[in-house]
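This report describes strand pairing, helix packing and nonpolar cores. The sequence and the structure are shown first.

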Amino acid sequence: MPDAAGLELIAAEINERHPGAIIGTYYEHDQACLIADPEQIREILAWLRDTPGQKYTFLASVHGADYLPAVPRFGVHYELLNRDRVERIRVRAAVHDPAAEGGPYPLGEEPLPEVPSVTDEWPTANHQEREVYDMFGIVFRGHPDLRRILMPEDYIGWPQRRDFPIGGEPVIFTNNEREVPGWTQ
Amino acid sequence: MEIKREKVRSALPLDEPPAPSNLRIRQLRARDLLRGELSDEEIEQLVSEQTFTTRLDKVLNWGRANAVFPATFGLACCAIEMMSIVSPRYDIARFGAEAMRASPRQADLLILSGRVSIKMAPVVRRLYDQMLEPKWVMSMGACSSSGGMFQNYAVVQGADKFLPVDIHVPGCPPRPEAVLYGFNKLQRMIQGNPDPGWRTRYNAHGTEEWARQYGTLTDEAREAYAAAHEAAKQAADLVPEEGGEAGEAERAPGERTEAPADRAERGRGRFL
């Protein structure tokens, strides 16, 4: 685990090579995180993997998060691991929601945020990016087979987004089936 | 070597009628019948003692109810409880349903043991469609009956949205005894009493399928509901409780404390 100062050094080095790639950092609960520009996520991950002294060669996890109402709204987290030093670092791509401007859009037709796919360099990201797409509707540009992986393929909506209706379906029992209209017909 | 055979005649003179509990005598007589060694009078007596007449459909339903083949089909944690009903401790073989079939083509009963996700629902429906008639469905546990604790994007809120469920067993998960009790209810339903009693318990007369065809509440529908409710109330109040076990369960705490007339009024207000 790089400490807070080491994290700042890493961020400065990346920004020196790829200007504007690292937007910010945070360090809490002994976890180091780089907040990154999603368009340069491939370069950042490659730098962390290939640079001598860094060598975060193992992509342990890719997952999404929805920070509504924060801007930028989405995060795609890449958990990296150096297996020699057993050090972990997290890179969070801060993804803007294009549906925030304009709209309101009809269900299932809203513009989707895009992030470059890292599947060709890190094959483990294949299914995990599909899951992020499935749950958050984040499109991974360049993914070889971007389909839903957990939900049915004809499902409409992105169920893990924070504005997705939770429990929107009333539970029908025999004592209220008359009050909830139209579910049997 | 000669096989020594006991003759039933020596054991059983005709002029002394045997005690019907004498199993050995009845066995020997059945053996002699199969050998064709009984005289006409003996056959006459045998038939009068050991046979009775009934209707064919009753026999058919009796056989169906006591030889149900459940499908080997587990959906979630309820499946663990479902597995234990075939164990010697609970032993669904007592009711003739121990033969779990791994193919829907050979199964009569589909036990939905767990939550049905919306991705699984078409599969379950397909399995149900592949089962041969007659077939029954038991919805086991809260999840498959109503969605249970999974009121979210992934789970169907009640399996009866996509297939007809014959019996719902509540619980999370239900005890194996509850599954067996639900199965007994299903057996009774198969044997010609299709009312498992929940409409009376929930005061839900008027929600039968035949009553739904009225759709909007016209005057005829109103009258039909009232007639159905009256008939069901009379049936519930006049017919004596059937079997001690069923009676106790239907008298849940707080049940039948109000007068039947009040219950009828309550139902009318809610459902009519």
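In chain A, strand S3 and strand S4 (residues 74–82) are antiparallel partners joined by eight bridges. Strands pair here if DSSP finds at least two bridges between them, and strands (E, at least two residues) and helices (H or I, at least four residues) are DSSP runs numbered from the N terminus. Within this pairing, Val62(A) has Tyr78(A) in S4(A) as its bridge partner.

The model is predicted: local features require pLDDT of at least 70, side-chain atom pairs count only at pLDDT 80 or more, and totals for chains, interfaces and linings use all residues. Residues are numbered from 1 along each chain as its sequence is written, while chains are lettered from A and ligands numbered from 1 in the order in which they are written.

## The sheet and its helices

The five strands of an open sheet in chain A follow the order S1-S2-S5-S4-S3, with mixed pairing. Strand S1 (22–28) and strand S3 (58–66) of chain A are the edge strands, each pairing on one side only. On average, neighbouring strands of this sheet are turned by 20° against each other, direction ignored; axes are lines fitted to C-alpha atoms, for helices over the stretch in contact, and angles run from 0 to 180 degrees between N-to-C directions.

Helix H1 (residues 4–17) of chain A lies across S1 and strand S2 (31–36) of chain A, at about 170° to S1(A). Helix H3 (residues 125–136) of chain A packs on the sheet, where H3 touches S3 and S4 of chain A and makes about 5° with the direction of S3(A). Contact requires C-beta atoms, placed from the backbone, within 7 Å.

## Burial of H3

Of the 12 residues in H3(A), 10 are buried, a term that requires 20 or more other C-beta atoms within 10 Å of the residue's own, with C-beta atoms placed from the backbone. Among the buried residues are Val132(A), Tyr133(A), Met135(A) and Phe136(A). The buried residues of H3(A) pack against S3, S4 and strand S7 (139–141) of chain A. Just after H3(A), Gly137(A) adopts a positive phi of about 70°.

## Nonpolar cores

A nonpolar core is a set of buried Ala, Val, Leu, Ile, Met, Phe, Trp, Tyr and Cys residues joined through C-beta atoms within 7 Å. The largest has 35 residues, of which Ala36(A), Ile41(A), Ile44(A), Val76(A), Val91(A) and Ile138(A) touch the most other members. H3(A) gives the most to this core, with five residues. Apart from it lies another core, of 34 residues, including Val124(B) and Leu186(B).

Key:
Two residues are in contact if their C-beta atoms, placed from the backbone, lie within 7 Å.
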